[in-house]
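Student: Could we go through this protein together, one question at a time?
Tutor: Gladly! Here it is.

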Amino acid sequence: MEWPGETVLVRVVDALEKGIGGALRPWQTRRVAKANVDARIQERLLIEQAELDIADLKAGRKTLDANGKLVRSDTRLLLLQDEHKKTEVQYAQQRSCAAMEFSQSAREAAQAREMQRAVNLKKIALYAEEEAEEIDQQSAGYQQSTAGPPVELDNDWFAKWRAGAQEVSKDEMQRLWGKLLAGEIARPSSYTLHTVDFLSRMSSADAELIARIAPFVTSGGIIKVDDDYFKSQGVDFHDFLYLDELGLINGTVGVGGLQFHLGVNEQNGRSTSSLVAGTHALIFDIGDAAEPVKKLAFDVFALTRVGKEILTLTSILIDMNYMQLICDLGISKGAEEVRMGLLHPDGRQVVNLKTMAIKKVQP
């Protein structure tokens with residue numbers, strides 16, 4: 001069953017229903033009614049109540065009765081007190097009672113963990129659905145590939161995703177897990193198992209640092225424009241060293257560092273190079289195509305594959321002052337003009353170009 005313009009959304013819902021099942025109902029109701037926003041609001045209200053119940057269970061304010069239902073703890077206490085009034089409790093009975101209490105506590109702790117995991121998956125599923133809708137909206141109106149049916153989500157990949165996702169309870173991290181699933185379903189093999197494993201170990205502090213460096217990421221890596229500028233934006237060399245230790249970037253140690261060489265294309269008789277940063281692209285005009293080719297090279301912190309994949313999960317806009325510094329750096333390295341435009345969703349065209357920097361003509 002497919003809805004026009006909602007291909008990724010349907011595939012995300014299908015994957016969740018097959019991989020998790022009843023824990024995520026009422027998916028079917030939503031698909032039939034198509035009341036995505038209203039259904040999502042109702043589900044979030046149910047999730048909030050479930051989280052309150054889990055907190056009460058963990059704090060001892062509620063307990064599980066013989067049928068597995070949550071009841072107030074003082075109700076069970078009154079029953080126990082009433083029972084004690086009826087008969088004399090012997091030492092052996094006390095020991096038995098203590099064992100039962102311990103068993104009950106263990107059962108409730110295990111139940112609370114499973115309830116929390118179910119809630120975590122439910123919340124992440126909603127974020128995955130929202131991300132899928134956004135992907136579909138961005139793709140609406142553009143020619144879609146008709147090479148064949150969508151590739152099935154790899155079972156091992158999904159199993160590892162679920163194992164990690166169910167343990168995540170912080171909202172900002174849950175959003176990343178939702179985007180990870182939607183992105184993999186939209187573009188199979190976009191995210192390796194190494195990236196899933198890294199995300200399962202990533203702390204909120206790591207995520208905050210990654211968000212701070214995201215505005216400086218380009219298709220060539222993090223271009224070294226000016227250490228003082230990075231510091232003014234809350235990122236210093238120790239942060240880059242830490243990202244290197246995490247395995248997200250290279251080039252912080254060693255003599256000379258790393259360089260990224262831009263490729264060269266011919267366009268209207270001119271030699272050009274391009275650099276992508278978020279939804280924008282820079283086009284460097286490096287001279288007449290009939291003249292010997294000049295290649296631009298920038299000193300960079302290069303991103304590892306895991307680093308590239310993790311950073312695609314961020315939604316931080318590129319830093320425009322940083323882009324201007326790159327343009328000026330390109331001119332200083334031999335470019336004659338640098339223009340910036342928006343990257344078309346097909347990834348091949350750049351629209352709305354405007355000049356950002358131009359080589360000064362010597363008198």
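Tutor: First, a term: contact means heavy atoms within 4.5 Å. This is a predicted model, where local features need pLDDT of at least 70, side-chain atom pairs count only at pLDDT 80 or more, and totals for chains, interfaces and linings use all residues. Residues are numbered from 1 along each chain as its sequence is written, and side-chain values use heavy atoms, leaving out hydrogens and water.

Student: Is Q174 buried or exposed?
Tutor: Q174 lies in helix α7, residues 171-186 (helices are DSSP runs of H or I, at least four residues; strands are runs of E, at least two; both are numbered from the N terminus). Leaving aside residues up to four places away in sequence, Q174 touches N120, K123, I124, Y127, V168 and S169. Buried means under 20% relative accessible area, exposed over 50%, partly exposed in between (1.4 Å probe, protein chains only). Q174 has 0% relative accessibility, so Q174 counts as buried.

Student: Which residue in β12 stands opposite M340?
Tutor: An open antiparallel sheet runs in the order β7-β8-β9-β11-β12 (two strands pair if DSSP finds at least two bridges between them). Its edge strands, pairing on one side only, are β7 (265-267) and β12 (350-358). Strand β11 (residues 337-343) pairs with β12 in the antiparallel sense over 6 bridges. Opposite M340 stands K354.

Student: In which helix is confidence highest?
Tutor: pLDDT is the predictor's confidence in each residue, from 0 to 100. The protein averages 79. Helix α2 (residues 27-33) is lowest, at a mean of 45, while the highest, at 96, is helix α13.
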